Amino acid sequence: MEKKDLIEHSPVRLFDTATNAGLKAGEMGLITAKKGLGKTSILVQFGIDTLLNDKGLVHVSFDQQSSNVISWYSSVLAEIAKKKNFSTMSEITEEIVKNRIVLNFNQETFTLPKVVNTVKSLKDGGTSIDAVVVDGLDFDKVAAADLKAFADFVKSNKMTAWFSGTTEADSLKATLPADKLDLFTTVAHLASEGKDLTLTVLKNGEGKVKIDAKTMLMSK
């Protein structure tokens, strides 16, 4: 019952309801913000939602060690459990992380096509993968053709993929060049508004959600 409640109270349910910008199978989304504002936490919340729904996840990080990524998942899960007073979180966590693979790469030596090949190899080896999270990618160093190949792979395998991108641009047009931007179904920008943090949808749906500055969870 608690796992079902966790799914119903997942921060991602709030995002989906408030913005109507959730991803369908075969689609990619992009979260942008300036460096250090909390993009990883947002991606982890999408990743956790995948895991809670008993789906396989690959989390790819280009700017953090795997141990740091795992710590993010533990911290966010703890905050979700604390907020809703769930008592069996350790059991649920142990169950769902079995469906998570965390990969850490250096973009200078490991390109996006190599990520596709790695995920494909995992799938060919029998690993169930329904979603991919790609954090810390420098889009200036990614060719549009390579990003399209990734998008084609996601679409053909009916997966979803959430990326993060570092930029202070708060308009859709200024986010990425058009040939790269067109590959993303949803784009949302994380920014400070006074003392608050907000995640505002720039493409696919509309609206925004607040980000709790203490827990970094999406909230009302």
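Hi everyone. Ala-25 lies in the loop between H2 and S1. At 58% relative accessibility, Ala-25 counts as exposed; here buried means under 20% relative accessible area, exposed means over 50%, and partly exposed is in between, with a 1.4 Å probe and protein chains only. From Ala-25 to Asp-182 there are 157 residues in sequence and 17 Å in space, C-alpha to C-alpha.

Some housekeeping before we go on. This is a predicted model, in which local features need pLDDT of at least 70 and side-chain atom pairs count only at pLDDT 80 or more, while totals for chains, interfaces and linings use all residues. Residues are numbered from 1 along each chain as its sequence is written, and side-chain values use heavy atoms, with hydrogens and water left out. When I say helix or strand, I mean DSSP runs numbered from the N terminus: H or I with at least four residues for helices, E with at least two for strands.

Now to the sheet. How many strands form it, and in what order? There are 9 strands in an open sheet, ordered S3-S2-S4-S5-S1-S6-S7-S8-S9, and the pairing is mixed. Two strands pair if DSSP finds at least two bridges between them. At the edges sit strand S3 (100–104) and strand S9 (218–219), each of which pairs on one side only.

Let's look at strand S1, residues 28–33. S1 is mostly covered, with 6 of its 6 residues buried. In a regular strand the side chains alternate between the two faces of the sheet. Here, Met-28, Leu-30 and Thr-32 point one way from S1, while Gly-29, Ile-31 and Ala-33 point the other way.

What are the partners of S1? S1 pairs with strand S5 (residues 160–166) in the parallel sense over 6 bridges, and Ile-31 stands opposite Ser-164 in S5. S1 also pairs in the parallel sense with strand S6 (residues 186–193), this time over 4 bridges. Within S6, Val-187 is the bridge partner of Leu-30.

Further along the sheet, strand S7 (residues 196–203) and strand S8 (residues 208–211) pair in the antiparallel sense over 4 bridges. Leu-197 has Ile-211 in S8 as its bridge partner. A helix joins the picture too: H7 (residues 144–156) packs on the sheet and touches S1, strand S4 (131–135) and S5. The direction of H7 makes about 155 degrees with that of S5. For these angles, axes are lines fitted to C-alpha atoms, for helices over the stretch in contact, and angles run from 0 to 180 degrees between N-to-C directions.

Helix H2 (residues 11–19) and helix H3 (residues 39–52) pack at about 105 degrees, with their axes 8 Å apart. H2 and H3 are therefore roughly perpendicular to each other, a label that covers 65 to 115 degrees. Where do they meet? Pro-11, Val-12, Arg-13 and Phe-15 in H2 meet Gln-45, Phe-46 and Asp-49 in H3.

Which residues of H2 are buried? They are Pro-11, Val-12, Leu-14, Phe-15 and Thr-19. Seen down the axis of H2, its buried residues fall within an arc of 155 degrees, so they line one face of the helix. That arc is taken over the directions from the helix axis to the C-beta atoms.

Is Gln-45 buried or exposed? Gln-45 is buried, with a relative accessible area of 1%. Beyond residues up to four places away in sequence, Gln-45 touches Pro-11, Val-12, Val-76, Met-216, Leu-217 and Met-218. Gln-45 and Val-12 are 33 residues apart in sequence, yet 6.8 Å apart in space, C-alpha to C-alpha.

Asn-20 has a positive phi of about 55 degrees although it is not a glycine. Asp-54 lies in the loop between H3 and strand S2 (57–61).

Terms used: Angles under 35 degrees count as roughly parallel, over 145 as roughly antiparallel, 65 to 115 as roughly perpendicular and the rest as oblique. Contact means heavy atoms within 4.5 Å.
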